[in-house]
Structures are given as C-alpha cells and as structure tokens.
Amino acid sequence: MKVSADYRMLALDALRGKWKTAVLTGIAASTLGATIVSSSNSAVSNSNQAKDIHFELFSQPNGGRLLAVLLTGIVLWAVLQLIVGGAAQLGYAHFNLNLVDGKDAAISDLFSQKDRLWDGFCMKFLQGLYIALWSLLLVIPGIVKTYSYAMTPYIMSEHPSLTANEAITESRRIMDGNKWRLFCLDFSFIGWELLCSLPLYAGGFLVLKYFTGSEAMAISLVLLLTIPLSIGFFFVRPYEEAAWATFYRDITAAPTEPDEAY
C-alpha cells in the first residue's frame with residue numbers, strides 16, 4: 001500500500017518537464033475558484049491576516065470608500081466562481097488526471113468542461129451543503145466528510161453521465177478506508193505551506209508598520225507584495241493537486257476496504 005511519500009514522488013515524476021504548464025493552469029484554476037485540494041489551514045491563516053490589514057486600512061481617511069471597492073470586488077469574484085467555478089474544477093480534475101496519466105496536459109483542459117456549468121454548480125453546491133450540515137454537529141464530522149467527498153470532481157470528470165449526487169455517493173464508496181490516508185497526504189504538505197506563508201506575513205507586517213499613514217501606498221504595496229511573495233503557493237499547489245490525482249488513480253485501481261461508517 002502506497003504512503004504519502006510515494007504519492008509525492010509520483011506527482012513529481014508526472015510534473016517533470018511540465019511545471020510551467022502546471023503552474024499556469026494552477027494560477028488560472030485558483031482565480032476561478034477551481035482548486036480541488038483541501039486548503040483549510042492556509043485559508044484560515046490568510047483570512048486572519050487579511051482581517052488585520054483591512055482593519056488598519058479602513059481606519060484611514062476615505063476608508064469607507066476603500067471598503068466599498070473591496071466588497072464590490074469580492075462580490076463580483078464570488079459570482080464568477082459561483083457560475084464557472086464548478087465547471088472549471090471539473091476541467092482542472094481532467095487536467096491533473098491527464099498529467100499523472102502521462103497524456104498531453106494543457107491549460108485548455110481547464111476549460112474542457114465549459115458546457116457543464118450546471119453540473120459543476122450542482123457538484124459544488126451539494127458538496128458545500130452536505131459538509132456544512134455535517135459541520136453543524138461538530139467540526140470533526142465536517143472534516144471527515146470533506147475527505148469523503150474529495151474525489152467527486154475526478155469522478156464527474158471521468159464519468160459525465162453521473163449526476164452530482166451519484167458522484168458524491170461514489171466518492172464516499174471509494175474513500176471508505178482511504179480518508180485517513182488522504183488526510184495524511186494533505187498534512188504532509190503543511191511544512192511547504194507554512195514556509196510559503198512566512199513572506200506574506202513579513203510583507204503584511206512591513207506594510208502595517210511603515211505605511212499605515214498612507215492607504216494608497218499601503219494598498220499598492222500589499223498588491224505588489226502579495227503577488228510575487230505568494231509564488232510559493234503557485235508551485236506548491238500544483239504539486240499537491242498532482243499528488244491528489246495520483247491518489248485517486250491508485251484507489252480506483254485497487255479494491256477498497258471499508259472503514260468507519262461516516
């Protein structure tokens with residue numbers, strides 16, 4: 001049975017000579033909200049950092065105008081993700097499966113499922129709904145269900161005839177006995193993610209320390225710092241996505257053993 005190190009090695013093999021394509025596709029996928037890998041830890045840390053920066057900026061003159069602009073941008077981005085995010089996620093799953101299968105993986109794969117906007121929407125909506133409902137019980141059931149449903153995009157990408165509910169059910173089936181293994185694979189990247197977070201925190205600290213008196217300068221520097229200093233995530237994310245795709249290929253190629261009933 002393969003362990004996390006095996007999947008990471010296979011992912012690196014699949015990415016060899018294709019890093020540029022994988023990075024560009026990963027950036028486009030992130031912009032469209034189409035990432036598949038769980039990223040709850042980084043999302044929490046980034047949201048906390050953003051909250052601190054926004055608080056300082058909004059306390060400046062014309063802070064209300066800045067808040068309105070940011071909220072408008074967030075709403076427009078959320079609407080875009082709602083409309084195209086699911087279909088893009090299916091396309092990203094298709095890209096990563098082609099990558100690990102040794103086929104021609106191209107950034108155009110990200111848009112290969114553009115005619116499945118409704119399927120993609122249903123998939124993301126139902127996954128989010130079920131996870132939210134399980135999370136109402138306790139945090140642990142929500143996390144368990146996140147990994148239980150994790151293979152849904154790959155399944156729907158390979159089997160377009162399945163509905164979102166059928167793909168979620170199939171993901172639950174193949175993840176029986178494999179949820180802990182996927183969690184371990186996910187957790188094995190935490191060191192890279194923390195390393196990538198350090199420059200962001202350092203940049204945010206410098207902005208708050210030296211430029212709180214000028215909101216225009218602070219905003220400019222935040223944008224300028226965030227893009228290049230986040231480049232680590234642009235490389236780590238494709239690595240994780242490829243590792244998840246190899247995991248999917250492995251568990252669908254071998255029989256599964258049921259674990260706890262979740």
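**Entry 1: Asp176 and Lys179**

I looked up Asp176 and found that it forms a salt bridge with Lys179. The closest N and O atoms of the two are 4.0 Å apart. I keep in mind that this is a predicted model, so each value here is computed from predicted coordinates.

Asp176 has 23% relative accessibility and counts as partly exposed. Lys179 has a relative accessible area of 5%, so I put it down as buried.

**Entry 2: Arg173 and Glu170**

Then I checked Arg173, which forms a salt bridge with Glu170. Their closest N and O atoms are 2.7 Å apart.

Where do Arg173 and Glu170 lie? Both are in helix 8, residues 164-175. They sit three residues apart, about one turn of the helix.

Arg173 comes out at 46% relative accessibility, which counts as partly exposed. Glu170, at 26%, counts as partly exposed too.

**Entry 3: Arg237 and its partners**

I moved on to helix 12, where Arg237 lies. The side chains of Arg237 and Glu240 meet in a salt bridge, at 3.1 Å from N to O. Both residues belong to helix 12 and are three residues apart, about one turn of the helix.

Are Arg237 and Glu240 buried or exposed? I found Arg237 buried, and Glu240 as well. For Arg237 the relative accessibility is 15%, so it falls under the 20% limit for buried.

I also looked for another side chain that touches Arg237. Its side chain makes a polar contact with the side chain of Glu193, at 2.6 Å.

For the record, the count of salt bridges comes to 10.

**Entry 4: Aromatic rings**

How many aromatic pairs does a search of the whole structure find? The search gives 11.

I took Trp180 and Phe183 as one example. Their ring centres are 5.2 Å apart and their planes stand at 25°, so the pair is stacked. The angle is what settles it, because planes under 30 degrees apart count as stacked.

Both Trp180 and Phe183 lie in helix 9, residues 179-187. They are three residues apart, about one turn of the helix. Trp180 is exposed, with a relative accessible area of 61%, whereas Phe183 is partly exposed at 30% relative accessibility.

My other example was Phe189 with Tyr239. Here the ring centres are 4.9 Å apart and the planes are at 85°, so this pair is edge-to-face. Phe189 lies in the loop between helix 9 and helix 10 (190-210), and Tyr239 in helix 12 (residues 231-253), so the pair ties together parts that are 50 residues apart in sequence.

I checked the cover on both of these rings. Phe189 is buried at 1% relative accessibility, and Tyr239 is buried with a relative accessible area of 11%.

Which residues form one aromatic cluster with Trp180 and Phe183? I found Tyr147 and Phe187 alongside them.

My last stop was Leu117, in helix 5 (residues 117-137). Leu117 is partly exposed, with a relative accessible area of 37%.

I looked up what Leu117 touches, leaving aside its neighbours within four places in sequence. It is in contact with Ile83, Val84 and Ala87. I also compared Leu117 with Gly85: they are 32 residues apart in sequence and 8.3 Å apart in space, C-alpha to C-alpha.

Leu117 is also part of a nonpolar patch on the surface, together with Val75, Val79, Leu82 and Ile83. Together they have about 430 Å² of accessible area. The largest share of the patch, four residues, comes from helix 4 (residues 63-100).

I picked out Leu82, whose place is in helix 4. At 51% relative accessibility, Leu82 counts as exposed, because the limit for exposed is over 50%.

Key: Residues numbered from 1 in each chain as written. Predicted model: local features only at pLDDT ≥ 70, side-chain atom pairs only at ≥ 80, totals over all residues. Heavy atoms only, no water. Phe/Tyr/Trp six-rings, centres within 6.5 Å; stacked < 30°, edge-to-face > 60°. Helix = DSSP H or I, 4+ residues; strand = E, 2+ residues; numbered from the N terminus. Buried < 20%, exposed > 50% of the residue type's maximum accessible area, 1.4 Å probe, protein only. Polar contact = N/O pair within 3.5 Å; in protein donor to acceptor, adjacent residues only side chain to side chain. Contact = heavy atoms within 4.5 Å. Patch = residues over 30% accessible without salt bridge, like charges linked within 9 Å, V, L, I, M, F, W, Y side chains within 5 Å. Areas by Shrake-Rupley, 256 points an atom, 1.4 Å probe, with all protein chains shown as cover.
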